[in-house]
Amino acid sequence: MSQNIPPSSDTKRKFPSIFNAVQTIWKRERSITEVIIHISNALALMIVGHLLFTYVTFAKMEVVFSSINSEILYYILGGFLAQMIDGALGMAYGVTATTFLLSVGISPAAASASVHASEVFTSGVSGYMHLKFGNVNSKLFKTLVIPGIIGAILGAYVISSLEEYAGYIKPIVSIYTLFLGAIIIRKALIKRQEKRQLKKVGLLALFGGYLDSIGGGGWGPIVSSTLIASGRHPKYTIGSVNLTEFFVSLASSLTFFTVIGLGYWQVIIGLILGGVVAAPIAARLANKLPIKSMMILVGMVIIIVSLRQIILGADKFF
């Protein structure tokens with residue numbers, strides 16, 4: 001005659017009730033921002049899923065992988081360096097990766113499209129973690145997200161439409177990345193900043209999203225630096241800007257895909273692979289590296305590479 005022996009407390013600890021876990025998560029109170037984020041994530045997954053099942057067929061994947069050659073190592077290196085810098089400084093992934101891609105001969109539109117496609121993954125994880133740890137100011141996020149998306153779409157459309165003028169655009173974009181390099185150095189050197197009221201935050205987001213798509217980076221250095229300089233709390237500013245960056249990158253990537261297509265799979269895959277390898281290393285070294293020295297070094301490298309691109313492209317204008 002069998003007896004029902006109740007499970008021991010050790011067994012309960014090892015195998016917690018899935019039902020209770022789901023019930024706890026379901027009953028947890030959520031802010032309006034969290035609800036908006038989850039709905040947006042669901043819509044983004046639906047769009048990405050539709051694109052994957054529509055365009056990423058087995059035949060096309062076979063063509064993509066057959067076209068991969070040794071050049072992907074350059075893009076893996078670019079993704080690795082950009083993620084190492086971004087992981088250490090909390091910024092400059094886009095401008096670093098774009099500067100690198102321009103220096104190896106990728107056109108401005110292709111560089112920006114590739115960087116934003118890879119950045120969807122990195123900014124999505126980063127934004128979610130900031131939201132989870134309570135670093136997001138819901139009011140600031142709502143102010144930034146719509147203008148940022150509009151600016152990203154406009155910038156991606158403009159740079160894609162001028163693809164045939166890539167020889168002229170590349171030195172202009174390099175002037176912009178040179179300017180961002182100077183901003184990074186300035187941010188490292190300034191010890192104390194006076195607080196001032198910044199009213200047109202939506203306009204700043206529109207401008208930041210536009211230039212981010214045009215130059216392949218700059219959302220963080222422009223928007224975060226300006227908001228922090230105006231006196232906003234760095235923790236909530238960085239968290240809110242990082243979360244918004246996911247939607248800005250997604251909007252920019254979808255626009256590039258619509259206008260020029262994503263034919264640069266080797267570049268995108270290389271950036272993602274390099275970033276994945278660098279992410280845990282950068283996270284481990286983040287608290288051990290001299291941040292100000294790193295920022296100055298990164299700013300100087302970006303300025304030097306940008307100056308090289310400006311000099312090489314100067315003959316287009318003379």
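User: What is the mean pLDDT of the protein, and which elements have the lowest and the highest values?

Analyst: This is a predicted model, and pLDDT is the predictor's confidence in each residue. The protein averages a pLDDT of 76, and 70% of the residues score at least 70. Among the elements, helix 8 (residues 138–161) has the highest mean, 91, and helix 1 (residues 9–14) has the lowest, 49.

User: How many helices and strands does the protein have?

Analyst: The secondary structure comes to 14 helices and 0 strands.

User: How is burial to be read, and which residues of helix 6 are buried?

Analyst: A residue counts as buried when its relative accessible area is under 20%. Of the 318 residues in the protein, 43% are buried. Helix 6 (residues 93–103) is mostly covered, with 10 of its 11 residues buried. The buried residues of helix 6 are Tyr-93, Gly-94, Val-95, Thr-96, Ala-97, Thr-98, Thr-99, Phe-100, Leu-101 and Leu-102. Gly-105 follows helix 6 and has a positive phi, near 100 degrees.

User: Is Leu-204 buried or exposed, and where is it found?

Analyst: Leu-204 is found in helix 10 (residues 201–215). Its relative accessible area is 11%, so Leu-204 is buried. The C-alpha atom of Leu-204 is separated by 8.4 Å from that of Ile-222, although the two residues are 18 residues apart along the chain.

User: How should I read the packing of two helices, and at what angle do helix 8 and helix 12 cross?

Analyst: One considers the distance between the axes, the crossing angle and the handedness, and then the residues of the contact. The axes of helix 8 and helix 12 (residues 234–259) come within 8 Å and cross at roughly 30 degrees. Angles under 35 degrees count as roughly parallel, and helix 8 and helix 12 are therefore roughly parallel to each other. Their crossing is right-handed. The residues of this contact divide into 18 nonpolar, 7 polar and no charged.

User: At what angle does helix 7 pack with helix 12, and how do the residues of that contact divide?

Analyst: Helix 7 (residues 108–132) packs with helix 12 at an angle of about 145 degrees, and the axes are 7 Å apart. The crossing of helix 7 and helix 12 is left-handed. The residues of the contact divide into 11 nonpolar, 12 polar and 2 charged.

User: Why is helix 6 described as oblique to helix 7?

Analyst: The axes of helix 6 and helix 7 come within 9 Å and cross at roughly 140 degrees. That angle makes helix 6 oblique to helix 7, because only angles over 145 degrees count as roughly antiparallel. The crossing of helix 6 and helix 7 is right-handed.

User: Which residues does UniProt list for "transmembrane region", and what is the helix content over residues 140–159 and 295–314?

Analyst: An annotation is taken from a record, and the model can then be read over the listed residues. The unreviewed UniProt entry lists residues 35–53, 73–95, 140–159, 165–189, 201–222, 263–283 and 295–314 as "transmembrane region". Over residues 140–159 the chain is 100% helix and 0% strand, with the end C-alpha atoms 28 Å apart. Over residues 295–314 the chain is 95% helix and 0% strand, and the end C-alpha atoms are 28 Å apart.

Note on methods
Residues numbered from 1 in each chain as written. Predicted model: local features only at pLDDT ≥ 70, side-chain atom pairs only at ≥ 80, totals over all residues. Heavy atoms only, no water. pLDDT = per-residue confidence, 0-100. Helix = DSSP H or I, 4+ residues; strand = E, 2+ residues; numbered from the N terminus. Buried < 20%, exposed > 50% of the residue type's maximum accessible area, 1.4 Å probe, protein only. Axes fitted to C-alpha atoms, helices over the stretch in contact; angles between N-to-C directions. Parallel < 35°, antiparallel > 145°, perpendicular 65-115°, else oblique. Left-handed = near helix turned anticlockwise from the far one by under 90°. Nonpolar A, V, L, I, M, F, W, Y, C, P; charged D, E, K, R; others polar. UniProt positions renumbered as here; feature names shortened; annotations may be inferred.
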